[in-house]
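Here are a few exercises to work through with the model open in your viewer. Try each one yourself before reading the solution.

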Amino acid sequence: MSRDTLPLLVEFCGEEHTVQPGQTFSIGRDADLVVDDNAYLHRRMIELAHHDGFWWLRNVGSRLSVTVSGEAGRLQSWVGPGSSVPLVLPAVSVLFSAGGTTYEIDVRAEVPVFESVSHGGDSDSDATLGAVDLTPTQFQLVLALAEQTLRRAGTGTADLPTNAAAAQRLGWSTTTFNRKLDNVCDKFDRAGVKGMRGGPERLATQRRARLVEYAVAARIVTAQHLPLLDTRGEVS
């Protein structure tokens, strides 16, 4: 079977779809794959199609961004509205957020187009774009925001906590949480991670959702880190 005829496999909440070359497969609120009836979600958020020898993911929405992550978080693309990215890995996770809810979809090709090669050594392979030095309390902040996403256990959706709820989870004041959140987003922004800046056209929820998407996709926080939420230390 030639590469041009290989299907793409899309999985969400245990439901699997096979996409054949020649098809255009849509994902959204009213699409081939309906992920939710969330009014904040575009009717069609993503389109998957095969052309020019590759499978492509296109963000066909007008407001929301999409994160595409593969190789255990070592490779990641941020796909803004109207942009496309080729799917060159055998398996990727596709994450996006709408109205405080984060969605994750698994996409697989039966034969990889590209394979990364590890050169060994003692360096941490996860220390790539966006790697920053977080203090223990900054790490806990990211973990608190990502907790429900990490606990979703394959359900495909997770709600983003409010700042007040995340602060209460950590035993902090909301003022302290907000200050530290600004510092964390500034760190990632300086490291080159898009979507971390606030502004009149970027709601606070969108910035926090982007932080969670990036941290989960890049494996900065994982389910194994969750016990650290119950560790109380000095907040500075």
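**Exercise 1.** Work out where His-42 lies, whether His-42 is buried or exposed, and which residues His-42 is in contact with beyond its sequence neighbours.

*Solution.* Keep in mind that this is a predicted model.

Step 1: find the residue. His-42 sits in the loop that runs between β4 (33-34) and β5 (46-51).

Step 2: check accessibility. The relative accessible area of His-42 is 9%. Buried means under 20%, so His-42 counts as buried.

Step 3: list the surroundings. If you skip neighbours within four places in sequence, His-42 touches Gly-28, Arg-29, Gly-61, Ser-62, Arg-63 and Leu-64.

Step 4: A polar atom of the His-42 side chain lies 3.2 Å from the backbone nitrogen of Ser-62. For the backbone nitrogen of Arg-63, the distance to a polar atom of that His-42 side chain is 3.2 Å as well.

**Exercise 2.** Decide how enclosed strand β7 (residues 66-70) is, and find what stands opposite Ser-69 in β8 and in β10.

*Solution.* Step 1: count buried residues. In β7, 5 of the 5 residues are buried, so the strand is largely enclosed by the rest of the structure.

Step 1: get the pairing. β7 runs antiparallel to β8 (residues 75-79) over 5 bridges, and antiparallel to β10 (residues 91-98) over 4 bridges.

Step 2: In β8 that's Gln-76; in β10 it's Ser-93.

**Exercise 3.** Describe how helix α3 (residues 174-190) packs with α2 (residues 163-170) and with α1 (residues 136-151).

*Solution.* Step 1: take α2 with α3. Their axes come within 9 Å and cross at roughly 105°, which makes α2 roughly perpendicular to α3. On the α2 side the contact uses Asn-163, Ala-164, Ala-166, Ala-167 and Leu-170, and on the α3 side Thr-174, Phe-177, Asn-178 and Leu-181. Sorted by class, that's 6 nonpolar, 3 polar and no charged residues.

Step 1: take α1 with α3. Here the axes come within 10 Å and cross at roughly 95°, so α1 is roughly perpendicular to α3. Thr-137, Gln-138, Leu-141, Val-142 and Leu-145 of α1 meet Phe-177, Lys-180, Leu-181, Asn-183, Val-184 and Lys-187 of α3. The class tally is 6 nonpolar, 3 polar and 2 charged residues.

How values were computed. Residues are numbered from 1 along each chain as its sequence is written. This is a predicted model: local features need pLDDT of at least 70, side-chain atom pairs count only at pLDDT 80 or more; totals for chains, interfaces and linings use all residues. Side-chain values use heavy atoms; hydrogens and water are left out. Helices (H or I, at least four residues) and strands (E, at least two) are DSSP runs, numbered from the N terminus. Buried means under 20% relative accessible area, exposed over 50%, partly exposed in between (1.4 Å probe, protein chains only). A polar contact is a pair of N or O atoms within 3.5 Å; within protein, one must be able to donate a hydrogen and the other to accept it, and residues adjacent in sequence count only if both atoms are side-chain atoms. Contact means heavy atoms within 4.5 Å. Axes are lines fitted to C-alpha atoms, for helices over the stretch in contact, and angles run from 0 to 180 degrees between N-to-C directions. Angles under 35 degrees count as roughly parallel, over 145 as roughly antiparallel, 65 to 115 as roughly perpendicular and the rest as oblique. Ala, Val, Leu, Ile, Met, Phe, Trp, Tyr, Cys and Pro count as nonpolar, Asp, Glu, Lys and Arg as charged, and the others, Gly among them, as polar. Two strands pair if DSSP finds at least two bridges between them.
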